[in-house]
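Me: I am new to this structure. Please show me how to read it, one feature at a time.

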Amino acid sequence: MIVLKVVLVSKDRDYISAWLDYVQGNSAGLHVRFTAFSQEDSFRDHMKEQEGRELPDLVIAEPEFLNDWLNNGGEVSGVPWLMLSEGMEEVDEAKRLMKYQPLPALLDAVMHACRQPRRKKVHHPGQETLSIGVVSASGGSGKTAVALHMAKQLGLAGYAVLYLNLETLDSTLPFLEKGLTRSGQRHPDAETGLSRLLYDLKVGRKESGKQLQVQSKGVDGYVVRHEALKSDVFWPLSNRKELLQMTREDTSNLLRYLTDCGQYDVLILDGDSGWDGRSEGVLDAADAFVWLVEDDISAMHRWGQWLQHAERTKPDLYESMLDRSRFVVNKYRDNVVNVLPRPDLHLDAVLPYIPSWKQLSQEEVMLSSPIFQREVKRLCAMLVQDGEEELKQTGRIQKLQKQDRWAL
């Protein structure tokens, strides 16, 4: 269930109360959440707070409130709007919502005017999915935090996103569980989704015709929607054995299926910092990597050792992986003081250190840092644009033409 977010602004508090009372008692109210204001300052402050976060799906306001907001950047925000009118204002009829009319008609107009959040892309022949792996040579580098923020920012930009965690010890449950429980979207089969898909894919390789059946299902029966992330997710596996037994081939087949099903613009892949089969499967399959490093002498040393081992034992994979990687310093503080482990390496971006995360007690706080969101948004813009250029050069697709959503 997708919940639409609407901002209502009117000087008439009785009017606001009547509207909210009706919505709360109507079944359609399950699909829309209103935030109402009767004072201009409160409305202006609220809209400023939403910049870089999750914008509303519709603004409904009386002329004096609406015009001030539009003249101060609201017009370029991309948020749809309706003028709450008494019939005297000169405004396009499609943008006018008559203030006094039956409440069911008002609510119906709101539902039609909302910006509908994009869940699935329309798949056309020749289009493919961009897969981005978030990797590191060190544990504790912030991979999962970065991956979750990337999924959210890409989802907010309108891309159809799937977040896939392949860590042996999955650290996402506190974030996923609270978000799904709050939005009431936990599917009865959520806890077995990834397990069932892995099983179906294995069976499909052994039984003729079974693969076609799996392909026709897509992933709708295996994933759940997470509104806070603006992405689809697999529920974390409770049986560690299933992950430990995943081979490089299993991982490659899973990622190929998720790409070929045609339901996503972007896959965000979050895995272990090691050389197990899952990690190698991600290294084989991903179109691009966000390689996280910390400005720490030990972390730089481990990064160098990882690259040295890869160059010696898997030279072809090593070269290919370097070509697909963007090296990013996480937990950045003012400047980088440690020397990079190799002279041919360079840093592509930095993500700021957020001191408040050291004592994190509320999971949703981690996903709402404006500073961190801003820098992740820039990183996503770089990756998507690089991905487009690469895919065009190889002749694979003409896709993801949404650069206008990344005005920074």
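**Reading the helices and the sheet**

Reply: Start with helix α10. Its buried residues (under 20% relative accessible area, 1.4 Å probe, protein chains only) are Asp250, Thr251, Ser252, Asn253, Leu254, Leu255, Tyr257, Leu258 and Thr259. This is a predicted model: local features need pLDDT of at least 70, side-chain atom pairs count only at pLDDT 80 or more, and totals for chains, interfaces and linings use all residues. Residues are numbered from 1 along each chain as its sequence is written, and side-chain values use heavy atoms, without hydrogens and water.

Me: What span should the 13 residues of α10 have?

Reply: Helices are DSSP runs of H or I, at least four residues; strands are runs of E, at least two. The expected span is 1.5 Å times one less than the number of residues. For α10 (248-260) that gives 18 Å, and the end C-alpha atoms are 18 Å apart, which agrees. Gly262 follows α10, with a positive phi near 75°.

Me: How do I describe two packed helices?

Reply: Give the angle between their axes and the distance between the axes. Axes are lines fitted to C-alpha atoms over the stretch in contact; angles run from 0 to 180 degrees between N-to-C directions. Helices α11 (277-285) and α13 (315-324) pack at about 65°, axes 9 Å apart. Leu283, Asp284 and Ala285 of α11 make the contact (heavy atoms within 4.5 Å) with Leu317, Met321 and Arg324 of α13.

Me: What is the strand order of the open sheet?

Reply: Strands pair if DSSP finds at least two bridges between them. The eight strands run β8-β9-β7-β10-β6-β11-β12-β13, with mixed pairing. The edges are β8 (224-226) and β13 (349-352). Three bridges join β12 to β13 in parallel.

Methods:
Buried means under 20% relative accessible area, exposed over 50%, partly exposed in between (1.4 Å probe, protein chains only).
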